[in-house]
Amino acid sequence: MKTLIQKIHVEEHHSFACRTYKTPDFETAWHKHPECELILITEGNGTALIGDYIGEYKPGDVFFLSPNVPHWFRKSQQTTIGSAIVIHFLRDFWGEAFLSLPEMKNVSRQLDNKNMGIQLLGNCTSDIALCIKQLEYAEGMERIHLLLNCMQKISVSSVQKVITTAFHTITSGEENSVIEKIIDYSFKNFLKPISLKEVAEITSMSIPSFCRFFKRNIKKSYFDFIREIRIGHACKLLRETSRPVLDICYDSGYNSSAHFTKQFKAVTKIPPTQYRKQHIK
């Protein structure tokens, strides 16, 4: 298992990193790092686990993560290619004096939001995606200018979604390997009944110890975690197929339509039929 703290390599002639991570380098499991991260997904789709957030990602999506927010972009199919352009930079690499300038007020405020993850939406996404693509091949002062442009757009944008806040973990490398094992097992088995007993056994913990461990590290109960994975899967089927809702209910790990609808509304705030209507292309 990889360690939780990822070491970001920065070339000697650069002050921050920007590079494409493509399969197999894209497959970095649950990890964190002291750098801010601005990421543009360029290939592949799957599930983004960011702090206590679980949601889909696809090409064109842009996320900004504060330092030390744990995350994992897990492909929906292990045989597909995953790829992203990722910018890693320390919050203060620009220098505190520069961040203190009046003109930097919005950017500085954005960078001061600790333990936060956001997803960009609307036109802001395409604008920042273009800057990120240009930055990957830029040199000299142009790199600084493009990153500053990205951060300014993010700091004043009203079309963004905060997906995790106040997420902090002091997980050790050993505990991180246990989290990876739990997440991996959950994604492989979420379409069938899972008991606390069986998932606790793979961690060699008692059920109460497992529940405390999971809640401490993921900030939600294990059954809430499984529910979000199942409902995310159902959302994908509702958007991308015309199959009956009842079939999707059974194919998402539920055996009762009423229970499925209740769980779906708990996650999305709307029933499955309304969700489908809102996402018909």
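Modeller: Happy to, and keep in mind that this is a predicted model. Let's begin inside: about 160 Å³ of space lies in the largest cavity. A cavity is a space where a 1.4 Å probe fits but cannot get out. This one is lined by 13 residues, and Phe26, Thr28, His31, Glu37 and Val86 are the closest to its centre.

Biologist: Which elements give two or more residues to the lining of the largest cavity?

Modeller: Those are β2 (36-43), β6 and β7 (83-89). The largest share, three residues, comes from β6.

Biologist: How many cavities of 30 Å³ or more does the structure hold?

Modeller: Two. Around it you'll find Trp30, Leu49, Gly51, Asp52, Tyr53, Ile54, Ile183, Ile218 and Phe225. That lining divides into seven nonpolar residues, one polar and one charged.

Biologist: And pockets, how do I read those?

Modeller: A pocket is an open set of points, whereas a probe in a cavity cannot get out. Here the largest pocket has a volume of about 1,300 Å³. Its lining runs to 37 residues, with Gly46, Gly55, Glu56, Gly232 and Arg239 nearest the centre.

Biologist: Which element supplies the largest share of that pocket's lining?

Modeller: Helix α8, with 11 residues. Several elements give at least two residues each, among them the strands β3 (46-50), β4 (53-57) and β6 (71-75), and the helices α5 (173-189), α8 (222-240) and α10 (257-268). Sort the lining by class and you get 13 nonpolar, 11 polar and 13 charged residues.

Biologist: You listed α8 and α10 together there. How do their axes cross?

Modeller: For a pair of helices, look at how close the axes come and at what angle. The axes of α8 and α10 come within 10 Å and cross at roughly 95°. Angles from 65 to 115 degrees count as roughly perpendicular, so α8 is roughly perpendicular to α10. On the α8 side, Arg227, Glu228, Ile231, Ala234, Cys235 and Leu238 meet Phe260, Gln263, Phe264, Ala266, Val267 and Thr268 of α10. By class, that contact has eight nonpolar, two polar and two charged residues.

Biologist: Are α3 and α4 roughly parallel or roughly antiparallel?

Modeller: Their axes come within 9 Å and cross at roughly 165°, which makes α3 roughly antiparallel to α4. If you want to find them, α3 covers residues 122-137 and α4 covers residues 141-156. The crossing is left-handed. Contacting residues include Ile128, Cys131 and Leu135 from α3, and Leu146, Leu147 and Cys150 from α4. The contact as a whole has nine nonpolar, two polar and three charged residues.

Biologist: Which residue has a positive phi although it is not a glycine?

Modeller: Serine 204, with a phi of about 60°. You'll find serine 204 in the loop between α6 (196-201) and α7 (207-218).

Key. Residues are numbered from 1 along each chain as its sequence is written. This is a predicted model: local features need pLDDT of at least 70, side-chain atom pairs count only at pLDDT 80 or more; totals for chains, interfaces and linings use all residues. Side-chain values use heavy atoms; hydrogens and water are left out. On a 1 Å grid over the protein atoms alone, a cavity is a set of points where a 1.4 Å probe fits but cannot get out, and a pocket is an open set with protein on both sides within 12 Å along at least five of seven lines; lining residues have an atom within 4 Å of a point. Grid points are joined across faces, edges and corners, and a volume is the space filled by probe spheres set on the points. Helices (H or I, at least four residues) and strands (E, at least two) are DSSP runs, numbered from the N terminus. Ala, Val, Leu, Ile, Met, Phe, Trp, Tyr, Cys and Pro count as nonpolar, Asp, Glu, Lys and Arg as charged, and the others, Gly among them, as polar. Axes are lines fitted to C-alpha atoms, for helices over the stretch in contact, and angles run from 0 to 180 degrees between N-to-C directions. Angles under 35 degrees count as roughly parallel, over 145 as roughly antiparallel, 65 to 115 as roughly perpendicular and the rest as oblique. A crossing is left-handed if the near helix is turned anticlockwise from the far one by less than a right angle, and right-handed if clockwise. Contact means heavy atoms within 4.5 Å.
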